[in-house]
Amino acid sequence: MSPFADVPLWVAVPVAALVLLGAALVLTGALGLLRFGTFYQRAHAPTLGTTFGMASILLASMLLFTALQSRLVLHEILIGVFVTLTTPVTLMLLVQAASWRDRSEAETAQRRNKKAADA
Amino acid sequence: MSGMLLHGSLIAAQVMLALAMACAAWRMLVGPRAQDRVLATDALYVDAMLLMLTFGMRTGSTLYFEAAMVIALVGFVSTVALAKFLMRGEVIE
């Protein structure tokens with residue numbers, strides 16, 4: 001625990017709280033990913049971790065490094081902006097692909113049933 | 001005092017993030033369909049990135065920040081490529 005020896009307590013308490021909050025939110029999202037029933041429900045769960053969980057861990061990191069290096073450290077914002085911009089894009093592409101697959105499979109099954117009924 | 005507090009909370013956060021990664025890995029292995037696996041891979045990437053950040057905070061070095069940045073970039077590209085593959089059957093048209 002040598003790197004944290006000269007971190008004041010009023011920085012350490014919010015950093016610890018934010019890190020624990022973020023990790024708990026990520027774990028909740030992962031449990032949702034494990035427990036929900038359908039794909040479209042499961043697509044919602046991990047976003048809890050990628051928005052609020054990520055933001056609170058990044059905020060804790062900024063606070064801690066600002067205190068450790070005694071200057072303003074803000075480069076974690078880069079990751080925050082990037083993940084906030086890309087998560088909706090990936091999820092929209094993925095859900096679009098999933099719904100397209102579901103629709104084409106339903107059409108195939110319908111055609112097969114019709115052929116069986118005709119024969 | 002503050003060192004002990006930070007150390008304990010960072011280790012607890014790392015354990016929670018590792019459990020989240022285990023959940024995502026289980027979903028990735030079990031499926032049941034390809035889109036579930038891709039979604040779980042994306043969640044796994046984000047969890048790994050956050051774990052990297054907490055590693056960096058624990059060691060007090062900013063080197064791990066670059067690793068987290070690279071993981072975020074590569075994870076985005078791979079998920080988009082896999083989603084395109086699920087949609088069209090090929091990545092580059």
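Predicted model: local features only at pLDDT ≥ 70, side-chain atom pairs only at ≥ 80, totals over all residues.

Residues are numbered from 1 along each chain as its sequence is written, and chains are lettered from A and ligands numbered from 1 in the order in which they are written.

Some terms. Helices (H or I, at least four residues) and strands (E, at least two) are DSSP runs, numbered from the N terminus. Buried means 20 or more other C-beta atoms within 10 Å of the residue's own, exposed means 12 or fewer, and partly exposed is in between, with C-beta atoms placed from the backbone. Two residues are in contact if those backbone-placed C-beta atoms lie within 7 Å.

Back to α3(B). Its buried residues include Phe65(B), Ile71(B), Phe76(B) and Leu82(B). Just after α3(B), Gly89(B) takes a positive phi of about 90°.

How do α4(A) and α3(B) pack? The angle is about 15°, with the axes 9 Å apart. Axes here are lines fitted to C-alpha atoms, for helices over the stretch in contact, and angles run from 0 to 180 degrees between N-to-C directions. That makes α4(A) roughly parallel to α3(B), a term for angles under 35 degrees. The residues of this contact divide into 17 nonpolar, four polar and three charged. Nonpolar covers Ala, Val, Leu, Ile, Met, Phe, Trp, Tyr, Cys and Pro; charged covers Asp, Glu, Lys and Arg; the others, Gly among them, are polar.

Next, the α1 pair. The axes of α1(A) and α1(B) come within 8 Å and cross at roughly 10°. That makes α1(A) roughly parallel to α1(B). Their contact divides into 27 nonpolar residues, two polar and one charged.

On the chain B side, α1(B) runs over residues 2-30, and its 29 residues reach 42 Å, close to the 42 Å expected. Among its buried residues are Leu6(B), Leu10(B), Met16(B), Cys23(B) and Arg27(B). The buried residues of α1(B) pack against α1 and α3 of chain A together with α2 of chain B.

Now the whole interface. Chain A gives 48 residues to the contact and chain B gives 47. On chain A, α1, α2, α3 and α4 each supply at least two residues of the side that touches chain B. The largest share, 15 residues, comes from α1(A). That side of chain A divides into 38 nonpolar, seven polar and three charged residues.

Two residues of chain A to finish. Met62(A) is in helix α3 and counts as partly exposed, with 19 C-beta neighbours inside 10 Å. Not counting residues up to four places away in sequence, Met62(A) touches Val73(A), Leu74(A) and Glu76(A).

Ser70(A) lies in the loop between α3 and α4 of chain A. Most residues other than glycine have a negative phi. Ser70(A) is not a glycine, yet its phi is positive, about 45°. Ser70(A) is exposed, with 8 other C-beta atoms within 10 Å.

Definitions and conventions:
Expected span 1.5 Å × (residues − 1). Parallel < 35°, antiparallel > 145°, perpendicular 65-115°, else oblique.
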